[in-house]
Structures are given as C-alpha cells and as structure tokens.
Amino acid sequence: MEEKKKNPTLRWKIISGVLAVALITVSCFYAFGVGKPACTNATNAQSSVTETVAATDAAKTNDALSLWTDSAPLKKQLTDFMKSITAEGSNDFIPVKDRIAVFDMDGTLCCETDPGYFDHKLLYYRVTEDPDYKDKASAEEKAVCEKIKTYFETGEYPKGLDVEHGKAVATAFKGMTPEEFDAYVKKYKEQPTIGYNNMKYGEAFYKPMLQVVDYLQANDFKVYVVSGTDRLITRGLCDGVLDIPPSQMIGSDESFVATNQGDKDGLDYTFSKDDKVITGGEFIIKNLKMNKVSVIEREIGQQPVLCFGNSSGDGAMANFTITNNKYQSGAYLLCCDDLERENGNQKKADSMRESCEKNGWTAVSMKDDWKTIYGDNVTRKAA
C-alpha cells in the first residue's frame with residue numbers, strides 16, 4: 001500500500017492555533033490573573049516616568065541656584081514662586097507676557113564700592129588721568145572729581161554729588177557717538193580692580209546674582225536693568241556678562257543730537273544722510289528713587305512682579321513692584337554684610353535689613369546666603 005503524503009499546510013495551521021491560544025492565555029493572566037491589572041501597571045509606568053521628570057526638574061532647579069546656600073530665603077522663596085507661577089491651571093499662574101523682573105546694577109549685580117561706583121571711577125579717570133582729555137576738562141568737571149576723590153577716601157557720599165556727577169559725565173563725554181562711548185567704557189573696564197586680586201572691573205559681577213538672572217530667563221522672564229548709572233555706561237559694563245539687549249538696560253540719561261545740528265532744537269532739525277548721533281552734553285535725569293518708578297512706567301509700561309536692589313535708591317522700585325500687584329510678587333534687597341570677601345559695610349547692611357522688615361522686602365545676606373561672590377580665584381586684598 002502506498003504511504004500517504006504529509007500535509008505541511010495542516011501542520012502550520014495547528015502550530016498557529018496553539019500559539020494563538022497561548023498568547024490569549026498569557027494576556028488574560030496579566031489582565032485578570034495574579035498581580036495587578038494591566039491598567040494599573042500602565043499607570044505605574046507613567047507614574048515612574050513622571051517621577052523621573054520631576055526629579056530631573058528638581059535637579060535643574062537646585063543647580064540653577066547652586067551658588068546659594070540651602071538656608072538662603074531667596075533660594076526657597078524663588079523656587080517655590082517659580083513652581084507656582086509657571087504651573088498651568090495654578091491660581092498664581094503668570095502669563096509669559098507679564099513675567100517682568102527689574103534689577104538695580106551697582107551693588108545688586110556687580111561690585112559697588114572699589115573704592116566707589118564704577119561710573120564715578122570712569123569719570124575720575126576721564127577728567128584727571130586720560131592724556132587725551134585731562135587738559136581739556138572744565139573747571140566744573142575738575143571740581144566734581146575733587147568731591148569724588150573725597151568720597152573714595154572717606155566712603156561718605158556728598159549730598160548732591162549724584163546730580164553733579166551726572167552733569168559732569170554728560171559734558172566730559174560730549175560729542176561721542178554711542179559706539180565711541182561704548183568702546184571707551186569697555187576699554188576702562190579692563191582695568192584691574194583696586195581692592196581685589198585676579199579681577200578686572202568688567203568681571204566684578206556677583207556670580208550668585210547672575211544665576212538668578214539666568215534662572216528667571218530660563219522661566220520666560222523678561223529682565224530689565226534699571227540703574228542709577230548713565231545708560232550708555234550701564235550698557236557697556238554689562239555687555240558680555242548679561243544676556244540682556246540694550247533696549248532692556250535703563251539708566252540715567254543725557255541728551256543726544258546730530259553731528260550737524262548745532263544749537264537748533266530737535267523740532268527744527270531733520271537728521272540727514274551726513275549725520276551721526278552723538279552725545280549732546282546735557283544731563284537729563286538721575287535714575288534713582290521715584291525716577292526709577294517713572295522710567296519703568298514710561299519704558300516698560302508694566303508693573304514688574306520681581307524686583308532686586310540693594311539701597312534706598314531702589315526702595316521706590318521695590319515698593320512699586322509689591323504694592324497692589326495683581327500677581328504674586330516679591331522684592332529682594334541685598335545687605336552688604338560680608339566684610340571678608342567683599343567691601344562690606346555692617347552699618348549699611350543693618351540699616352537695609354531694618355528697611356526690609358519694615359517694608360515687606362526679603363533681605364539677602366551676602367555673607368550667609370552666598371557660597372561665593374566673585375569666584376574662588378578672586379580674593380580681597382588686605383586693607
């Protein structure tokens with residue numbers, strides 16, 4: 001008898017059937033059998049991913065303010081604030097368009113006294129040392145520099161010097177294009193600091209505060225520098241350190257004119273193709289106290305939600321930020337209480353701390369809140 005041939009098609013049908021039954025059995029086991037349901041497992045997987053992302057975000061947050069001590073009030077307040085105002089659906093959520101922060105410059109972002117303000121040192125150099133200008137300096141400019149010298153020597157700021165200094169800056173740098181003025185500032189800021197080792201004036205920025213600026217910008221804040229220093233000097237000093245456009249750097253103001261304008265009023269003169277914009281020599285306004293509030297209203301047009309300063313000249317700006325604000329807001333004022341790493345002044349620091357308690361501002365201790373000021377390679381020279 002002839003042997004029947006095997007049917008390979010039938011064999012594969014049987015194998016496929018067995019595999020299908022096994023697959024169904026395994027699926028049912030995980031879905032309904034011993035252990036947690038499949039939906040719970042999926043939830044756990046999602047939860048694990050969420051926890052990982054949250055942990056990563058937390059690490060980023062901690063790293064963002066790594067130069068601040070964990071006990072620093074600003075570090076906790078600012079990170080809590082950021083979580084609250086950036087969370088969609090939160091009652092404290094702040095739209096990106098309204099995330100405005102304002103910073104003073106001298107004593108808030110950079111060194112204020114070595115032995116005095118950067119813009120005062122710049123004018124003093126221009127009038128008394130610059131070989132291209134010192135013989136052209138006016139009697140008024142020289143008289144102002146005598147007061148500046150006294151200020152450097154005693155640490156006491158003469159009444160009225162702020163406006164007199166502003167006028168002297170305007171006249172001493174008259175006729176420069178903004179580009180020429182900027183180049184002058186940048187050249188001078190390459191000078192080594194007097195009171196510190198391994199640091200130039202252009203490097204004398206507080207590293208913990210630079211972290212705050214970066215942290216805010218990473219969370220979609222628009223950051224403005226609102227300084228009492230001349231606007232052009234502010235721009236030149238901050239350029240290359242802060243990633244902030246010139247339009248967001250506001251300072252004290254002087255006039256601008258066209259090179260061929262002469263004595264004509266701006267309403268009687270039209271800028272021509274042969275013209276350049278130059279400094280006009282007229283001082284307009286010192287950007288301190290209430291003038292800071294006025295300039296914020298004029299140039300920003302929005303109430304900030306965060307303010308950072310260090311002196312009574314910033315008090316109006318701080319109060320403006322936290323008063324009747326429709327959003328959660330805060331003001332942080334630096335106390336110059338570090339007498340070893342910085343040219344601190346305990347009396348001024350104590351006075352600022354009292355002002356913070358009185359006005360509802362948060363005090364920042366340079367001594368206790370910062371792990372470093374200028375970097376570990378920078379040291380203060382012995383007095």
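The model is predicted, with local features requiring pLDDT of at least 70, side-chain atom pairs counted only at pLDDT 80 or more, and totals for chains, interfaces and linings using all residues. Residues are numbered from 1 along each chain as its sequence is written, and side-chain values use heavy atoms, leaving out hydrogens and water.

The protein contains 13 helices and nine strands, taken as DSSP runs numbered from the N terminus (helices H or I, at least four residues; strands E, at least two). Of its 383 residues, 43% are buried (under 20% relative accessible area, 1.4 Å probe, protein chains only).

Helix packing comes next. Two packed helices are described by the angle between their axes and the distance between the axes. Here, axes are lines fitted to C-alpha atoms over the stretch in contact, and angles run from 0 to 180 degrees between N-to-C directions. Helix α3 (residues 73-86) packs with helix α8 (residues 207-218) at about 10°, the axes being 12 Å apart. The two helices α3 and α8 are therefore roughly parallel (angles under 35 degrees; over 145 is roughly antiparallel, 65 to 115 roughly perpendicular and the rest oblique). Leu74, Leu78, Thr79 and Met82 of α3 meet Val212, Tyr215 and Leu216 of α8 in this contact, with heavy atoms within 4.5 Å.

For helix α7 (residues 178-188) and helix α9 (residues 231-238), the axes come within 9 Å and cross at roughly 55°, which makes α7 oblique to α9. Their contact involves Pro178, Phe181, Asp182, Val185 and Lys186 of α7, together with Leu232, Ile233, Arg235, Gly236 and Leu237 of α9.

How values were computed:
Buried means under 20% relative accessible area, exposed over 50%, partly exposed in between (1.4 Å probe, protein chains only).
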